[in-house]
Amino acid sequence: MVMAGPARHPRWVRRLLGEAGPAAVVDAIARAERATSGEIRVHLERRLPRRAAGDPLRRAREVFAALGMTATAARNGVLIYLAVDDRRLAVVGDEGIHARAGDAAWARVRDLMVERLRAGRVLDALLAGIEEVGRVLAAHFPRRPADVDELPDDLSVGDGASADDRAPG
């Protein structure tokens, strides 16, 4: 299940980020996107679903598709994915931005987030990651007067489990 929109976030998200944390993430996304035609999304889950086989990049790609992030005109969307309880994260850029920025850009974002996550600063890690993704996008896809916001800036939250994952086995 992928939940997005302005609905109240689950208790675990509010405990993780603080009551004002989800709004701070949305504000950071909107701020970063002011300098670029690119799109940024953040998706949180408690755990990687079993079908992801422990691979956060695989799961991030699934979420990327489920959120419709390939629908941007320039294919310049970037997803920051975090499976909190599993302590796993991934950064995925669509083909337009990935062709220009490459794996090194996403590794930099990951590394600066990991540093903060290890210190227990989850919200700070997300905000720093969003800011860095915004810099990468702005360098390759600067904002133009006719640009429109193609994707929601909200915080996406999933439970990280499918019916198959919850079934005894």
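Author: Begin with contacts: a contact means heavy atoms within 4.5 Å. The model here is predicted. Among its contacts between residues at least 6 apart in sequence, 72% join residues at least 24 apart.

Reader: How many helices and strands does the protein have?

Author: Helices and strands are runs assigned by DSSP and numbered from the N terminus. In this protein there are 6 helices and 5 strands. Along the sequence they follow the pattern β-α-α-β-α-β-β-α-α-β-α.

Reader: How many bridges join strand S2 to S5?

Author: Two strands pair if DSSP finds at least two bridges between them. Strand S2, residues 39-45, is joined to S5 by 4 bridges, and the two run parallel.

Reader: Are the faces of strand S5 buried or exposed?

Author: Buried means under 20% relative accessible area. Strand S5 spans residues 155-158 and is covered on both faces. Leu-155 and Val-157 are buried on one side, as are Ser-156 and Gly-158 on the other. Across the protein, buried residues make up 48% of the 169 residues.

Reader: Which ring does the charged end of Arg-100 sit over?

Author: The ring belongs to Phe-141, and the charged end of Arg-100 lies 4.3 Å from its centre. As for rings paired with each other, where centres must lie within 6.5 Å, the count is 0 aromatic pairs.

Note on methods. Residues numbered from 1 in each chain as written. Predicted model: local features only at pLDDT ≥ 70, side-chain atom pairs only at ≥ 80, totals over all residues. Heavy atoms only, no water. Buried < 20%, exposed > 50% of the residue type's maximum accessible area, 1.4 Å probe, protein only. Phe/Tyr/Trp six-rings, centres within 6.5 Å; stacked < 30°, edge-to-face > 60°. Lys NZ or Arg CZ within 6 Å of the ring centre and 35° of its normal.
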